[in-house]
Amino acid sequence: MDTLITHSSILIIAIPLVTAFLIPLVGMTSKKARNALVIVSLAFVAFLVFALAKDIAINGIHIYTLGATSPDLTTPTGFMVPVRIILEVDGMSILMGIIWSIVSLAAAIFSLSHIASETGQNRFYTLLLLMVTGGFGMMFTSDLFNLFVFLEIASISGAALIAFRTKFADTQEGGFKYIVVSAIASLMVLFAIGLLYAQYNLLNIGALAQVIQYTTPDKIALALLLIAFTMKAGMVPLHLWFPDAYSVAPASITGMLVITSHACMYAAFRVCFTLYGGMLDAPVVGWILIVFGLLSMFVGVTMAVFQKDVMRFMSYHAISQLGYMWVGVGVGLAVLGNPELVATYGRDAISGGVFHILNHAMYKPLLFFTGGALFHRTGTRDLTKMGGLAHKMKWTTILYIIGTLSIAGIPPLNGFSSKILIYESVYQFHPILTITGIIVSILTLASFTKAFHSAFMGAELPEYKEVKEVPRSMIIAMVILAAGIVFITLFPSLIVNWTIHPAADALIDQGAYITAVTGAVP
Amino acid sequence: MTSILESGYAFWNPIIWIIAFVVVMVVVYFFRRRGQKTYKKDTAQTQIFLCGEEVPEAGQRHIRVGNIYWGFFETLKEYYNQVLRPHTGIINDYVLWFVAVTAVSAIILLIAGLAK
Amino acid sequence: MEYIPLDFPFLAAALLVGVSFYIIIFKKNLIKLIMGVAMLAAGVNLFLVSLGYRAGGTAPIYTDVPEGPMVLSIPQALTLTSIVINVAVLALMLTMVIHIYRHTGSLDSEKSRKLKG
């Protein structure tokens with residue numbers, strides 16, 4: 001078991017990768033064996049992630065050096081700097097890893113029935129496992145170029161999955177927009193990595209954080225990295241591609257793509273808090289994030305009230321909720337240079353933002369899965385054609401209600417816990433942020449009630465007489481996420497003390513990250 | 001206690017909220033028990049009554065999503081005209097926004113570095 | 001080659017990146033947009049290779065190191081990885097444009113869109 005924990009970080013990345021290439025071979029023999037292989041590999045990866053989380057909670061940051069004789073030999077003999085690729089898992093990375101493992105398992109179970117009538121399912125599962133690999137790689141790596149490679153892996157497989165159903169025209173358009181935006185963002189990330197390498201000859205985030213001085217090319221690199229990662233994470237005014245791409249994908253893939261957006265947001269936080277750390281103009285960058293976060297919250301929800309397509313409507317709400325996380329962590333970044341303000345409300349603001357990442361990752365894929373369930377049975381995403389579906393689809397209705405109450409921040413559900421953390425800490429920074437947050441919450445509830453009435457309420461329509469409940473594997477996938485919501489609802493303090501406060505402390509404390517890589521005091 | 005969440009000002013305990021909710025539901029149940037106990041199924045008592053007007057069929061009387069919240073959209077029509085203008089759907093505009101925002105933020109960071 | 005200043009490759013890379021952004025923003029044909037992305041990739045790759053150059057350096061292919069500076073080898077590895085990734089991205093973009101053309105019959109970015117607002 002100990003060797004499993006020592007090598008767990010590379011196993012978590014390698015097992016989906018190897019399984020992805022085994023899927024076409026196994027799929028040639030039998031479909032049931034292929035489905036079982038996908039679920040078993042993702043369940044084993046989830047087990048490894050939770051075992052690693054327990055180990056990190058006890059022993060601190062987990063390091064793994066690829067290609068060395070022993071996993072913590074970060075600087076090879078005869079070298080002065082770390083040259084190998086190092087996977088470094090601290091509190092924030094393992095929180096993202098836990099989210100990704102749960103959501104990808106639920107998405108794979110959901111896909112078992114949702115795409116059961118499509119051709120080319122072997123390729124679908126291969127691409128899904130490749131996307132899982134890309135996501136875990138982005139969250140666990142401590143090397144900038146490795147981050148770029150895994151970002152591209154996740155983007156390419158995500159775009160191919162969006163355009164998977166080639167018989168519709170809008171899926172191709174959504175996939176094309178996604179891959180063009182991803183390619184441009186990734187190339188700008190590579191340009192910024194080139195700028196940083198040209199000055200310091202280092203690619204490792206910990207080693208760079210030790211030697212970085214905030215020169216003019218560093219400022220340009222910060223702007224490029226920040227804006228490229230925030231474009232991939234759906235920040236207004238760069239959000240224009242987000243609803244187009246996420247509304248046309250198969251519903252399980254949309255759930256996973258939202259977590260990929262979270263991973264890009266995590267990469268932006270790594271750049272701001274750990275790579276640049278105390279050297280950047282914390283108030284300026286913090287206020288940039290806060291202003292764009294406010295815009296995201298407000299524009300996201302007002303556009304969402306307006307929509308008639310159910311998946312597009314939920315994508316705009318994803319943009320709006322991501323705005324809450326930008327505001328929370330932006331406030332924490334703005335007060336980073338001031339230790340007493342950090343202790344008063346900065347750490348709570350970052351904790352609120354990170355807690356909202358966890359909660360959003362539980363209820364947003366659940367809502368996308370209910371949208372996919374509606375599409376599966378009625379054949380349309382258009383809300384103007386639906387009505388009275390609660391009579392036949394009872395489980396979907398109940399799970400949709402849980403998701404709605406959660407996203408709108410209604411007590412006692414988990415959305416309320418993270419929103420109250422954000423509201424109370426951000427209010428001390430500037431009151432307008434809390435007021436905007438509360439207005440956006442009200443509009444969120446209003447828009448979800450509107451969609452609930454038009455899709456589920458009302459009398460039974462004659463064209464939906466033969467509609468039944470969705471297949472069992474889709475219900476199981478949604479119930480997994482709803483169980484996560486209920487668990488976080490009943491035990492908020494347990495979750496916050498064991499996962500969220502370590503994550504916030506890992507972001508604020510740059511020194512621990514550097515020490516784990518270089519082994520010396522920064 | 002694992003259920004209490006402490007923020008800077010106050011604390012939040014979901015168990016207390018759930019207990020309060022259950023108590024209120026019990027009170028509501030007792031109120032409902034004192035109401036009319038019998039009704040006759042399959043007579044005019046269970047059908048929709050629209051002041052004596054003819055009830056249209058289900059497809060006609062279900063309010064569709066484009067018509068809900070009409071007052072809200074009518075009041076904010078200028079805001080919606082403005083905010084819908086960038087949402088064109090043309091991919092060239094998406095990249096233009098990216099270049100513009102990157103340039104603006106790079107200029108802000110450079111000026112902030114000079115002003116220090 | 002002493003009369004070419006050392007900054008020349010960086011100017012060429014900046015010119016490539018600038019022209020490619022002009023193409024992506026202002027050209028409506030989807031194939032031209034893909035060419036713009038390919039040119040952007042070429043510009044960034046040129047930037048990566050040229051930042052590793054050391055004046056008077058030898059190629060980084062020797063085990064027994066000769067005297068003098070040696071050109072940096074890590075940016076060349078980064079560029080190879082980036083070239084391979086961009087080939088995959090371009091192949092995917094071209095496939096999607098083929099499907100868009102089959103469904104909508106147009107290669108114009110404004111006329112072939114169905115999703116807006």
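Colleague: Is Tyr69(B) buried, partly exposed or exposed?

Modeller: Keep in mind that this is a predicted model. Buried needs under 20% relative accessible area and exposed needs over 50%. Tyr69(B) has 28% relative accessibility, so the class is partly exposed.

Colleague: What is phi of Tyr69(B) near, and where does the residue sit?

Modeller: Tyr69(B) lies in the loop between α2 (58-61) and α3 (70-75) of chain B. Most residues other than glycine have a negative phi. Tyr69(B) isn't a glycine, yet its phi is positive, near 60°.

Colleague: Which residue of chain A has a positive phi without being glycine, and why does it count as partly exposed?

Modeller: Look in the loop between α7 (169-200) and α8 (205-211) of chain A, where Asn201(A) is found. Its phi is near 55°.

Colleague: Which residues does the cis peptide bond with omega of about 5° join?

Modeller: Most peptide bonds are trans. Here, the loop between α9 (216-232) and α10 (241-248) of chain A holds the proline of the pair. With omega at about 5°, the cis bond joins Val236(A) and Pro237(A).

Colleague: And what's omega for the cis bond between Pro411(A) and Pro412(A)?

Modeller: Pro412(A) belongs to the loop between α15 (394-407) and α16 (414-426) of chain A. The cis peptide bond that ties it to Pro411(A) has an omega of about 0°.

Colleague: Zooming out, what radius of gyration does chain A have?

Modeller: Chain A is built from 20 helices and two strands, and its C-alpha atoms fill a box of roughly 75 × 60 × 40 Å along the principal axes. For 522 residues, a compact globule would come out near 24 Å, and chain A agrees with that at 22 Å.

Colleague: How much of chain A is buried?

Modeller: Take contacts between residues at least 6 apart in sequence: 80% of them join residues at least 24 apart. The accessible surface is about 15100 Å², with 69% of it on carbon and sulfur atoms. Counting residues instead, the buried share of the 522 in chain A is 69%.

Colleague: Last one: how far apart are the mean positions of the positive and negative charges of chain A?

Modeller: There are 26 positive and 24 negative charges in chain A.

Conventions: Residues numbered from 1 in each chain as written. Chains lettered and ligands numbered in written order. Predicted model: local features only at pLDDT ≥ 70, side-chain atom pairs only at ≥ 80, totals over all residues. Heavy atoms only, no water. Helix = DSSP H or I, 4+ residues; strand = E, 2+ residues; numbered from the N terminus. Rg over C-alpha atoms; globule rule 2.2 N^0.38 Å. Buried < 20%, exposed > 50% of the residue type's maximum accessible area, 1.4 Å probe, protein only. Contact = heavy atoms within 4.5 Å. Areas by Shrake-Rupley, 256 points an atom, 1.4 Å probe, with all protein chains shown as cover. Lys, Arg positive; Asp, Glu negative; His and termini not counted. Charge placed at Lys NZ, Arg CZ, Asp CG, Glu CD.
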